[in-house]
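Visitor: I would like to learn how to read a few features of a structure. Could we start with pockets?

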Amino acid sequence: MSLDAAWALDWARRAAELIAENRAELTELDRAIGDADHGDNLERGMKAAVSKLAQQAGGVPASPGGVLKLVATTLMATVGGAGGPLLGTAFLKAARSCEAAAWGPGDLARALEEATSGLEARGHAASGD
């Protein structure tokens, strides 16, 4: 199994679609503990990330990490509240975990571990919270 930039781009597109489809539910979940804007913010951020990826001069970044880095920086710039910094940090840590043009299973596992540690550090949380 090899996960390249095309895989990461497809993942970003699919994630954006799922977020859009579930925007109302994400917003309702946020209503119980926040200001009921998470679904809207996340949809806006992922839509912007996919749009930026499509408009890249010279094409899509050459690696999964490059795609995830663009998603990270876009989320940080467009998603309000705590969601932008939290998710942006997770994507950025995952992006920096491996510079290879294609990731294998171990690389993906490391990216997920790094994303989790980024969420824990940014959110001042510990595993199990």
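Visitor: Which residues lie nearest the centre of the largest pocket?

Guide: On a 1 Å grid over the protein atoms alone, a pocket is an open set of points where a 1.4 Å probe fits, with protein on both sides within 12 Å along at least five of seven lines; lining residues have an atom within 4 Å of a point. Here the largest pocket has a lining of 16 residues, and Trp11, Leu68, Phe91, Leu112 and Ala115 are the ones nearest its centre. This is a predicted model, in which local features need pLDDT of at least 70 and side-chain atom pairs count only at pLDDT 80 or more, while totals for chains, interfaces and linings use all residues. Residues are numbered from 1 along each chain as its sequence is written, and side-chain values use heavy atoms, with hydrogens and water left out.

Visitor: Which elements give two or more residues to the lining of the largest pocket?

Guide: Helices are DSSP runs of H or I with at least four residues, numbered from the N terminus. Two or more lining residues come from each of helix 1, helix 3, helix 4 (64–78), helix 5 and helix 6.

Visitor: What is the volume of that pocket, and what classes of residue line it?

Guide: A volume is the space filled by probe spheres set on the grid points, which are joined across faces, edges and corners. For the largest pocket this comes to about 320 Å³. For the classes, Ala, Val, Leu, Ile, Met, Phe, Trp, Tyr, Cys and Pro count as nonpolar, Asp, Glu, Lys and Arg as charged, and the others, Gly among them, as polar. The lining of the largest pocket has 16 nonpolar residues, with no polar and no charged ones.

Visitor: Which residues of helix 3 are buried?

Guide: Buried means under 20% relative accessible area, exposed over 50%, and partly exposed in between (1.4 Å probe, protein chains only). In helix 3 the buried residues are Gly39, Asn41, Leu42, Glu43, Gly45, Met46, Ala49 and Leu53. They pack against helix 1, helix 2 (23–31), helix 4 and helix 5. Asparagine 41 has a relative accessibility of 7%. Contact means heavy atoms within 4.5 Å; leaving aside neighbours within four places in sequence, asparagine 41 is in contact with Val79 and Gly80.

Visitor: How many residues does helix 3 have, and what is its span?

Guide: The expected span of a helix is 1.5 Å times one less than its number of residues. Helix 3 has 17 residues and reaches 24 Å from first C-alpha to last, close to the expected 24 Å.

Visitor: How many salt bridges are found in the whole structure?

Guide: Side chains of opposite charge can pair when their charged atoms come close. The criterion for a salt bridge is a side-chain nitrogen of Lys or Arg within 4 Å of a carboxyl oxygen of Asp or Glu. A search of the whole structure gives six. Among them is the bridge from arginine 14 to aspartate 10, with closest N and O atoms 2.9 Å apart.

Visitor: Why are arginine 14 and aspartate 10 separated by about one helical turn?

Guide: An α-helix has 3.6 residues a turn, so residues three or four places apart point the same way. Arginine 14 and aspartate 10 are about one turn apart because they are four residues apart in helix 1 (residues 5–21). Arginine 14 is exposed at 51%, and aspartate 10 is partly exposed at 31%.

Visitor: Where do lysine 93 and glutamate 114 lie?

Guide: These two side chains meet in a salt bridge at 3.8 Å, N to O. The pair links distant parts of the chain, with lysine 93 in helix 5 (residues 83–96) and glutamate 114 in helix 6 (residues 105–123), 21 residues apart.
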